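Colleague: May I ask you about the structure I am about to open? I would like to understand how its parts meet.

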Amino acid sequence: MDLSLLNQTLRDESQVKAEIEKIRRILTRRWVLMEICGGQTHAIMQSGLDQLLPPEIELVHGPGCPVCVTPLELIDKALAIAARPEVIFCSFGDMLRVPGSNRDLFALRASGADVRVVYSPLDAVKIAQQNPDRQVVFFAIGFETTAPPNAMSVLQAKRLGLKNYSVLVSQVLVPPAMHAILSSPHNRVEGFLLAGHVCTVMGYQDYLPIAEQYRVPMAVTGFEPLDLVRGIFTVVKLLENNQVRVENAYARVVKPEGNPAAQAIIQKVFQPVDRNWRGIGRIPLSGWGLRPEFAEFDAELRFDVAAIQTHESPLCIAGQILQGLKKPLDCPAFADPCTPQNPLGAPMVSAEGACAAYYRFARSSTLSKEG
Amino acid sequence: MADNSFPTMEGPFCPLPLKHDEQIILGHGSGGRLTHNLIKEIFLPYLSSPALQSGDDFARLTEASGELIVSTDCHIVSPLFFPGGDIGRLAVCGTVNDIAVSGAQPLYLTTGFILEEGLPVQTLVRILESMRLAAQEAGVQFVAGDTKVVEKGKADGLFITTTGIGFLPKGRIINGHQAQPGDVILVSGSIGDHGIAVLAERGELGFSAKIQSDVAPLNGLIQDLLTAAPHTHVLRDPTRGGLATTLNEIAAQSQVGMILYENKIPINPAVQAACEMLGFDPLYIANEGKIIAIVPPQEAEAALNAMHHHPYGKLASRIGEVTRNEPGRVLLKTNIGATRILDMLAGEILPRIC
């Protein structure tokens with residue numbers, strides 16, 4: 001890995017500040033921008049970029065944290081499946097601390113369930129090969145970014161003839177979530193920073209009609225401070241010039257058409273389905289589910305987990321935060337009692353969750369509130 | 001019969017007891033002859049000292065002057081061997097360093113072993129040799145020890161507990177409560193090496209990384225530092241939880257604020273690369289051969305200079321200052337010039353999803 005680009009350019013104070021100065025020079029009024037992706041929220045708070053931007057730029061944080069929007073009933077299903085003695089339940093590490101109705105996967109593991117953190121779904125397939133007498137279930141969550149490897153794991157399991165591998169799918173998609181946000185009567189978002197990683201896979205053609213329909217400019221944006229400032233500059237310039245376009249401010253990685261090979265794998269395994277979003281509700285055709293020909297790998301069918309009763313904390317305002325209507329500091333439960341150690345809602349869990357990012361990096365400004 | 005080399009069960013036959021010198025069996029912990037042989041033939045050649053040779057159940061030690069400093073540490077690392085070290089070196093260095101950060105000179109160690117049935121004796125010997133070398137480097141003696149054996153599956157190869165004893169010169173007060181506004185924060189070298197080396201050796205990175213653990217006894221480095229900066233306020237080795245967590249602990253103990261400069265914190269490029277790919281923050285990754293020193297500003301240059309002249313302090317760096325603001329809180333000046341909170345680690349380190 002070449003770190004010089006990172007350390008000497010993308011995180012370089014003078015270059016970042018010069019780019020911010022460019023924004024300052026063209027600004028004539030306040031603008032509300034949303035960064036879709038939780039990875040960007042994390043990067044903004046981790047670098048402290050929000051403090052350096054002109055005060056006229058308000059960044060609101062989008063729903064692009066896969067851990068945060070995975071619906072409660074699916075987490076409860078995961079807990080029910082993982083509790084079964086024959087199951088080895090594999091998950092990305094982030095999901096282990098997300099609260100279900102009563103407990104989380106960490107607590108389940110402590111009481112004896114075989115819950116394992118994997119870095120890739122292909123590791124889960126390997127575990128299935130090595131444990132033919134156990135049922136291996138992978139928690140296939142995420143946006144368009146995790147879909148190709150998750151789909152690949154199903155294809156690989158099929159090729160290997162594995163009868164003990166299945167996936168609990170909660171794939172969600174960015175464009176339908178943007179429709180949901182923009183069509184809300186409370187919407188404040190005037191421009192978007194598109195999620196660079198999602199566009200790496202899917203390209204950005206799908207966003208043109210959304211930009212046109214709602215008259216909001218967008219920029220494909222990366223994750224380092226300089227990438228983010230360039231994305232913000234691109235959107236602000238479009239807004240100030242009253243232009244509605246989708247521009248690519250992350251061209252060193254993203255191509256307009258995305259990655260066709262990855263898209264082909266997704267198409268082969270998944271089909272569009274309606275999905276519930278935690279805190280937001282049901283959005284039509286906002287996710288992917290397994291195609292009927294891969295039904296044998298569907299953990300929801302393999303294990304009987306249909307009748308799950310869920311219970312969400314009444315204090316948590318995650319839904320409003322995920323839609324950009326409120327900021328974490330607006331929540332009466334922020335930092336007390338809701339903390340990363342004792343989260344009431346998912347945005348306080350993942351590194352990409354807006355509440356966790358505020359808690360970790362920006363609590364100072366709430367000192368008076370914490371008393 | 002063509003093949004009569006194996007006795008059959010037909011007819012009178014009394015099998016000889018098998019020799020158990022290749023792997024640990026439960027009998028090695030029985031207290032009987034097997035235990036005695038294990039201690040005499042395997043342990044003593046490596047961990048010898050007059051007190052251990054005496055064969056008593058206690059060690060009588062010569063009284064040294066000053067205050068007595070005692071520390072205990074348990075070691076359960078998996079895998080047992082990793083680039084740059086092993087559980088034995090870790091068990092010696094961890095305790096030596098905990099004593100040394102008080103400003104005391106560590107002199108004696110005691111050690112307890114929990115061995116898992118089936119552990120190859122060769123593995124134990126390698127670990128003991130490593131402990132011997134680390135103790136020799138640190139200038140400490142093993143003066144007491146104990147061994148137990150548990151059934152297969154009840155331990156991960158072996159667990160090692162060590163207790164250290166050292167003596168602190170009168171009047172020297174170095175602990176987590178002594179940080180004062182205006183003090184300078186130093187770190188003795190690159191951070192995150194140990195944690196990433198162990199993860200890489202476990203095969204959990206999904207790619208190979210040539211990263212060595214930094215595990216080392218730091219009492220020599222600390223003595224040099226204290227000679228150069230005798231009014232040092234705080235010393236601590238940032239092990240589990242990493243630099244960020246350790247500094248938060250000190251800020252809370254001393255009720256002071258701290259400001260760190262991200263671009264002054266030394267990080268090995270291979271460690272940074274591994275962290276970038278996995279979404280880890282090196283400031284939270286464990287170290288086993290680094291110290292944080294908090295010193296009065298007038299001694300900072302001398303302290304840094306002394307560390308630079310020691311093999312374990314070549315990359316020592318001035319990374320921040322102690323402040324009066326927001327007691328208990330550590331702030332980080334980021335690479336792009338903003339300021340944000342540097343919090344403690346919350347729970348386990350979890351890799352990011354995308």
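This is a predicted model: local features need pLDDT of at least 70, side-chain atom pairs count only at pLDDT 80 or more; totals for chains, interfaces and linings use all residues.

Colleague: How many residues are in contact between domain 1 and domain 2 of chain B?

Modeller: On the side of domain 1 there are 24 residues, in contact with 22 residues of domain 2. The area buried between these domains is about 1800 Å². Carbon and sulfur atoms give 57% of that area.

Colleague: And which three residues supply more than any other three of the area that domain 1 of chain B buries against domain 2?

Modeller: They are Pro83(B), Asn97(B) and Val101(B), which supply 30% of the area that domain 1 buries there.

Colleague: Changing topic, how many salt bridges does the rule find across that interface?

Modeller: The rule finds zero salt bridges between domain 1 and domain 2 of chain B. The count of residue pairs in polar contact between them, however, is nine.

Colleague: Which elements give two or more residues to the side of domain 1 that touches domain 2 in chain B?

Modeller: They are strand 2 (81–82), helix 3 (87–100), strand 4 (105–116) and helix 4 (121–138) of chain B. Helix 3 gives the most, with eight residues.

Colleague: What does that side of domain 1 have by class?

Modeller: It has 14 nonpolar, seven polar and three charged residues.

Terms used. Residues are numbered from 1 along each chain as its sequence is written. Chains are lettered from A and ligands numbered from 1 in the order in which they are written. Side-chain values use heavy atoms; hydrogens and water are left out. Contact means heavy atoms within 4.5 Å. Buried area is the accessible area (1.4 Å probe) that two parts lose on being put together, summed over both. A salt bridge is a side-chain nitrogen of Lys or Arg within 4 Å of a carboxyl oxygen of Asp or Glu. A polar contact is a pair of N or O atoms within 3.5 Å; within protein, one must be able to donate a hydrogen and the other to accept it, and residues adjacent in sequence count only if both atoms are side-chain atoms. Helices (H or I, at least four residues) and strands (E, at least two) are DSSP runs, numbered from the N terminus. Ala, Val, Leu, Ile, Met, Phe, Trp, Tyr, Cys and Pro count as nonpolar, Asp, Glu, Lys and Arg as charged, and the others, Gly among them, as polar.
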